[in-house]
Amino acid sequence: MITSIAWKNIWRNRMRSVIIITAITIGMFAGVFTSTFYKGWINQRLEAGVETEVSHIQIHHPDFSENFELKNFIPDGAITSDEIARMDFVNGVSPRMVVQAMVASSETGTGIKILGINPEKEKTVTNLYSKVPEGKYFEGVKRNPILIGEKLAKKLKVKLHSKLVITLQDSQGHLTSEAFRICGIYKVGNGMFEEMNVFVMKSDLARFVQLDESISHEIVVHLKEHGQLTPNSEMLSGKYKNQLVQSWKQMAPELGLLNEYGSIYIYFFIIIILLSLGFGIVNTMLMAVMERVKEIGMLMAIGMSKFRVFWMLMLETVLLTLTGGFFGILLGIGVTFATMKSGINLSFYAEGLEDMGYSSLVFPVVELEMVCVIVLLVLMTGLIASVYPARKALKYKPAEAIRIDM
Amino acid sequence: MNVIEVNALEKIYNDSEVKVYALNGVDLSIEAGEFTAIVGPSGSGKTTLLNLLGGLDQPTSGQISIGGTDISKLSSSQLIDFRLRNIGFVFQAYNLIPVLTAKENVEFIMHLQNRPKEERLTRTMSLLKAVGLEGRENSRPNKLSGGQQQRVAVARALASKPKFVLADEPTANLDSKATENLLEIMEELNRNENITFIFSTHDQRVVNKARRVITLEDGKIISDVRK
C-alpha cells in the first residue's frame with residue numbers, strides 16, 4: 001500500500017514530475033547511447049587491432065624490433081613455427097619475413113614495411129584477406145603480386161594493377177630494386193597501418209633480399225581461446241627463452257588500455273550525468289516534501305512510524321528516478337538496436353579518425369553487464385537523492401506540522 | 001473504568017527566559033464512553049491538553065495514564081506506536097491523504113497496524129456505512145464535500161479500534177447542516193458502540209451535544225460540568 005501511495009504521490013504535481021522524468025530520460029538516453037556507441041567503437045578498434053593488425057602473439061629475435069635488420073631473424077624459424085602449430089591451444093601460425101624498404105610509384109615514393117607471407121597461413125592468424133574491397137587477396141597477378149593499404153594507394157596515387165618499384169638493401173648489403181604489381185588494396189580503417197604495411201609473397205621477398213625462404217623474422221600466433229592469452233603467452237615465453245614473445249597487450253599497449261579502462265570511462269561518464277541529475281531530483285523531491293509537511297505530520301500523528309514515512313519518501317524518489325531511467329535506458333537501447341546493423345557513419349570526421357586507427361563506421365553494441373550496472377547506478381542515485389528531502393520532512397514534530405498553514 | 005487519568009499535569013514553554021504555563025496543574029479523569037467537550041478561550045491551553053492526551057507532545061511534569069500506560073515516559077517512537085494502537089484523531093482540516101480514495105484512507109491505518117486484508121476491507125466498508133458514505137467509497141477527498149471528508153476522518157479514526165477519539169475543532173470548517181450531521185453520527189457511535197469522544201471546540205452546537213463540558217482558562221480547569 002505504501003508503494004502505491006508513493007507512486008500516486010509522484011503524480012500529484014504532474015507537470016513537475018514529467019519535467020524531471022524527462023530530464024532523467026534525456027540524460028540516461030545520452031548516457032546509454034554514448035556508452036553503447038563508445039563500447040562499439042572500442043570493440044571495433046580492439047577487433048581490428050587484434051584480428052587484423054597484430055593477431056594474438058608475436059615472436060621475434062630480441063634485437064629485431066630495434067632496427068629491423070635482416071640478420072636478426074629467428075634461428076630455426078621454420079622448426080619453431082611448425083612446433084607451435086602443433087600445440088593444442090594454437091589456432092594458426094604464420095611465419096613472416098619483414099623488411100624495411102622504399103616504395104615508389106610513377107608519382108612519388110615513401111618508406112614502408114614489407115611483410116613476406118604465405119597467404120594461406122596468414123589467413124589463419126589475421127582476417128586481412130577479408131578486408132580487400134578492391135582486387136583480390138593474392139590472385140589475379142602472376143608475377144610479384146603486392147597487397148597495399150588504401151591509404152598508401154592514395155598517397156602514391158596508384159590503382160589496382162598499377163606497378164610499384166620497391167628499393168631495399170638485400171642481405172648482402174647491396175641496394176636493389178624490383179617491380180611489384182598491385183593485386184589488391186586492403187582497407188582496415190586504420191590509416192597508419194594502411195600507410196605503413198604492404199604484403200607480398202614470402203617466396204618473392206626471399207628471392208628479392210637473397211635469403212632462404214625458410215627464414216622468418218616474425219612468427220604470428222593465433223590462439224583458439226583468446227581468454228587464455230596471458231597463460232599461453234607465458235608458456236611460449238618460457239619455451240623460447242632466447243626469443244622475444246609478446247602478446248598483443250604488450251605489443252600494442254594502447255589497445256590493452258582501451259580494453260581494460262574503456263568500461264571505466266563509460267561508467268565515469270554516466271556517474272557524472274547521474275550526479276547532475278541527482279541535484280535536480282533532490283530539488284524536485286524537496287519541493288514535493290516541503291509542500292506536504294502538514295500531511296506528513298498528520299501521518300506521524302495517526303501512527304505512521306518515522307521509518308515508514310522515510311520509506312515512503314524514499315520509494316517516491318526511487319520510483320521517480322527509475323521511471324526516467326527506464327525510459328532513458330529503453331530509448332538508448334532502442335536507438336542502439338536501430339543503428340547496430342547499419343552502423344553510424346562518421347565519415348565527416350573519418351580522415352582524422354582513421355589516421356588514429358578508429359573506423360569511421362561505428363556499430364554500437366549493447367552489453368548486458370553494462371545495462372545492469374547502469375540500472376544499479378540509477379537506483380543508487382534515487383536512493384542517495386532521497387535521503388536529504390526525507391530527513392528534512394522528518395525533522396518536524398507532528399503536533400507542529402499539523403498546524404502549519406500551507 | 002477510566003480510560004484517561006491525568007495528574008498534576010504541567011506544560012511550560014520557555015519563551016526567552018519567561019516561563020509560560022500552557023497547562024498549570026491539570027487533574028482529570030475520563031471514563032470509557034464519555035462524550036466530552038473541552039472549551040475555553042484562545043490561549044487557555046485546549047490545544048496543549050489535546051496534544052498531551054494524544055501523545056503528540058510531552059508534558060513538563062505530571063502523569064498521563066491511558067488504559068494504565070503512563071505515556072509521559074514513552075520515547076517518541078514508542079509514542080508513535082502507542083498512538084497507532086490506542087488513539088483516534090480527527091483534525092480541524094480533515095487531513096485525509098489526498099491521493100487515496102475514502103476507502104483507502106480508512107483502510108490505511110489498519111494497514112499500518114498490519115491487520116489482514118480481509119479484516120481491513122470488511123471493517124472499512126462497515127465504518128463507511130456507519131458514517132453514511134456508502135456509495136462514495138471510491139471517491140477521492142477532492143470529490144467529497146467538507147462534511148463528507150470529515151466523516152471519512154471519523155471513520156479513519158475509528159478504524160484502528162482506539163481507546164478514545166480526540167477531535168480538534170472538528171466542526172470549525174463545516175456549515176451548520178454538515179455539523180449537525182457529523183455530530184449525529186458521532187453521538188450515535190458513542191451511544192451504540194460506547195466510543196469515547198473528546199473534542200476541543202469553540203462551537204456552541206458541539207458544546208450543546210456534549211454530555212460533559214470541561215472549561216479551561218489560563219492553563220487550569222475552571223469548571224467541569226456533567227449533564
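**Reading backbone angles and a chain interface**

Tutor: Tyr94(B) is buried, with 24 other C-beta atoms within 10 Å; a residue is called buried if 20 or more other C-beta atoms, placed from the backbone, lie within 10 Å of its own, exposed if 12 or fewer, and partly exposed in between. This is a predicted model, in which local features need pLDDT of at least 70 and side-chain atom pairs count only at pLDDT 80 or more, while totals for chains, interfaces and linings use all residues. Residues are numbered from 1 along each chain as its sequence is written, and chains are lettered from A in the order in which they are written.

Student: What is the value of phi of Tyr94(B)?

Tutor: Most residues other than glycine have a negative phi. Phi of Tyr94(B), however, is positive, near 60 degrees. Tyr94(B) lies in the loop between strand E6 (87-90) and helix H3 (102-112) of chain B; helices (H or I, at least four residues) and strands (E, at least two) are DSSP runs, numbered from the N terminus.

Student: Where does Asp218(B) lie?

Tutor: Asp218(B) is in the loop between strands E9 (212-217) and E10 (220-226) of chain B. Its phi is positive, near 50 degrees, and Asp218(B) is partly exposed, with 14 other C-beta atoms within 10 Å.

Student: How many residues of chain A are in contact with chain B?

Tutor: Two residues are in contact if their C-beta atoms, placed from the backbone, lie within 7 Å. Here 17 residues of chain A are in contact with 18 residues of chain B. On the side of chain A that touches chain B, H12(A) gives the most, with 4 residues.
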